[in-house]
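Have the viewer open as you read.

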Amino acid sequence: MATIIRDPLVEDNIVELDIVTEADRSDIRRRYEAGQLILLRGFRYDLDFKFLDSLCFDVDGPPEFLRKLKKYGGDKIAQLCPESANPLDQFVFAAVFQADAGRLAYYQDQVASGNAQCDALYTSIFPDYRTTKSLYTWRFTSTKYENLHWDNFGIPETFHQVRIFTNIAKSPRLWMTSHHIGHYAESIYDQYDLGALRGRIGDDLNRHVNTVALGGMKAPCMDRLPRHHLAFEQGDVWLCETRIVCHQIYHGEKAFAAMYFSDPASMERPELGFDALIEELHARHLPAHSANSPVTAPA
Ligand SMILES: [Fe+2]
């Protein structure tokens, strides 16, 4: 089970919950919508973790292949066939699977099984969500020292997102998390003229806050925000809305993450959806902003 060190300077938005009864599932759903990070107690996928962790995607090779290898998860792996003429496919088959078709087929079975188990978990917790799309990422290249950030996807449509993660590697996956976007944006609203983003999608606000308030890529890890520390063990499963919960991967080797898009109107409390929160934030600041502050374009 994960090690969690909570910083008292950040709201305690991490909970460890059982998932056994209907009441448990309802509690998970309620807390997820409220913007908490939920670690499932006593739940793990039935996967061959030892085999999966034996695969090495951190291989040497041409830089153009290695760049693409980071995103070579999910669908691409599922469709990889040993006879493919695609040079990247050939590289992955040789470098990662040692040109062993049996090893590749077993990996593909594991990926399909993980995706299906995650679908079943999602449906059991959020049975009434009107789901429009699901994406699965098997990220087997290592990650370290991400910036603290709130996700933005560059998708103009309003949607509700459920993200479900699991650590596949034996080594702990180290995350840090910080404030709820609503709380933090409220605290810096005037300082960083967030009112200039009124009327735009919430993604734009997250991108702006990541850049101007946390320093963005120009000042990696120099944000100075307090944060909770989490070390997820192999097999741990956790959920959070990554546009709402500020997070960074400090170190991780192999993970599986699924992302489910749904209609925010099908949430139990649609007013807690990401874009609704941001709209409400702007609405709360409307009178003061329009009376006192010039509107300028974001940096
Ligand atoms: Fe992220």
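## Phenylalanine 232 and the sheet

Phenylalanine 232 sits in strand β8, residues 228-232. Helices (H or I, at least four residues) and strands (E, at least two) are DSSP runs, numbered from the N terminus. The model is predicted, so local features need pLDDT of at least 70 and side-chain atom pairs count only at pLDDT 80 or more, while totals for chains, interfaces and linings use all residues. Residues are numbered from 1 along each chain as its sequence is written.

Phenylalanine 232 counts as buried because it has 23 C-beta neighbours inside 10 Å; the cut-off for buried is 20 or more other C-beta atoms within 10 Å, with C-beta atoms placed from the backbone. Leaving out residues up to four places away in sequence, Phenylalanine 232 touches Ala2, Asn167, Pro172, Arg173, Trp175 and Trp238. Contact here means C-beta atoms, placed from the backbone, within 7 Å.

On to the sheet: six strands form an open sheet in the order β2-β3-β9-β6-β11-β4, with mixed pairing. Its edge strands, each pairing on one side only, are β2 (14-18) and β4 (131-139). Pairing takes at least two DSSP bridges between two strands. Strands β6 (residues 160-167) and β9 (residues 237-239) run antiparallel, joined by three bridges, and phenylalanine 165 stands opposite tryptophan 238 in β9.

| Helix | Touches | Direction angle |
|---|---|---|
| α1 (residues 22-33) | β2, β3 (37-41), β6 and β9 | about 160 degrees with β2 |
| α6 (residues 101-125) | β4, β6 and β11 (255-262) | about 130 degrees with β6 |

Axes are lines fitted to C-alpha atoms, for helices over the stretch in contact, and angles run from 0 to 180 degrees between N-to-C directions.

How values were computed
Buried ≥ 20, exposed ≤ 12 C-beta atoms within 10 Å, placed from the backbone. Contact = placed C-beta atoms within 7 Å.
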